[in-house]
Amino acid sequence: MRAATLAKTAGAVFATAAVGGLASRPAKSAWYAMLKKPSFQPPRQAFPIVWPILYADIAAVSAGTLDELDGTAPEKARAYRVALAANLVLNGGWTWLFFNQHRLGASAVAAAALTASSADLTRRAIEARGPGAAVLAPYPLWCAFATALSTSIWRLNR
């Protein structure tokens with residue numbers, strides 16, 4: 001994997017993580033504390049453990065995928081970049097919808113879109129690099145869990 005590609009994907013992922021981190025500070029707010037949450041809500045301490053691992057995975061797998069595609073299929077590399085950019089926008093956008101705008105229904109829909117986007121990104125990476133890129137699979141799985149969690153919170157608080 002080329003260092004320049006990894007630096008670019010890591011920079012984009014870090015920017016997404018920073019945006020999400022700024023937006024999720026209200027997780028300690030009175031509004032969030034008063035929300036009804038489902039029994040499967042993980043402890044707050046789980047999120048700052050899971051997300052950095054997933055973000056590192058996204059950056060590394062994406063860098064390797066782009067290096068592979070740049071050398072063999074430039075049109076697929078462009079499509080992967082667009083898919084990655086859309087995914088990162090959805091990723092950061094969910095946090096703003098939920099924590100800052102308090103739009104629980106919209107955030108559930110955004111989480112579902114993020115899940116689909118993450119699954120597509122994983123599919124593209126596996127198609128380009130083979131089974132080794134399946135290490136990205138926990139990302140759409142976590143997003144699917146987040147979709148279930150977001151939807152449940154929305155339903156419990158309507």
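Visitor: Which residues line the second largest pocket, and what makes them lining residues?
Guide: The lining consists of R2, A4, T5, K8, T9, A12, L66, D70, R81, L84 and A85. A lining residue has an atom within 4 Å of a pocket point, so each of these residues meets that limit. The model is a predicted one, in which local features need pLDDT of at least 70 and side-chain atom pairs pLDDT 80 or more, while totals for chains, interfaces and linings use all residues. Numbering starts from 1 along each chain as its sequence is written, and side-chain values use heavy atoms, without hydrogens and water.

Visitor: Why is this space called a pocket?
Guide: On a 1 Å grid over the protein atoms alone, a pocket is an open set of points with protein on both sides within 12 Å along at least five of seven lines, whereas in a cavity a 1.4 Å probe fits but cannot get out. The second largest pocket has a volume of about 160 Å³, taken as the space filled by probe spheres set on the points, which are joined across faces, edges and corners.

Visitor: Which helix gives the most to the lining of the second largest pocket?
Guide: α1, with five residues; α1, α3 and α4 each supply at least two. A helix here is a DSSP run of H or I with at least four residues, numbered from the N terminus.

Visitor: What is the volume of the largest pocket, and which residues are closest to its centre?
Guide: The largest pocket has a volume of about 870 Å³. Of its 30 lining residues, S24, F47, P48, W51 and F99 are the closest to the centre. α6 (138-156) gives the most to this lining, with six residues.

Visitor: How does the lining of the largest pocket divide by class?
Guide: It has 19 nonpolar, seven polar and four charged residues. Nonpolar means Ala, Val, Leu, Ile, Met, Phe, Trp, Tyr, Cys or Pro, charged means Asp, Glu, Lys or Arg, and the others, Gly among them, are polar.

Visitor: Why is α4 called roughly antiparallel to α5?
Guide: The axes of α4 and α5, lines fitted to C-alpha atoms over the stretch in contact, come within 9 Å and cross at roughly 155°. Angles run from 0 to 180 degrees between N-to-C directions; under 35 is roughly parallel, over 145 roughly antiparallel, 65 to 115 roughly perpendicular and the rest oblique. The crossing angle therefore makes α4 roughly antiparallel to α5. Their contact has 16 nonpolar, five polar and four charged residues.
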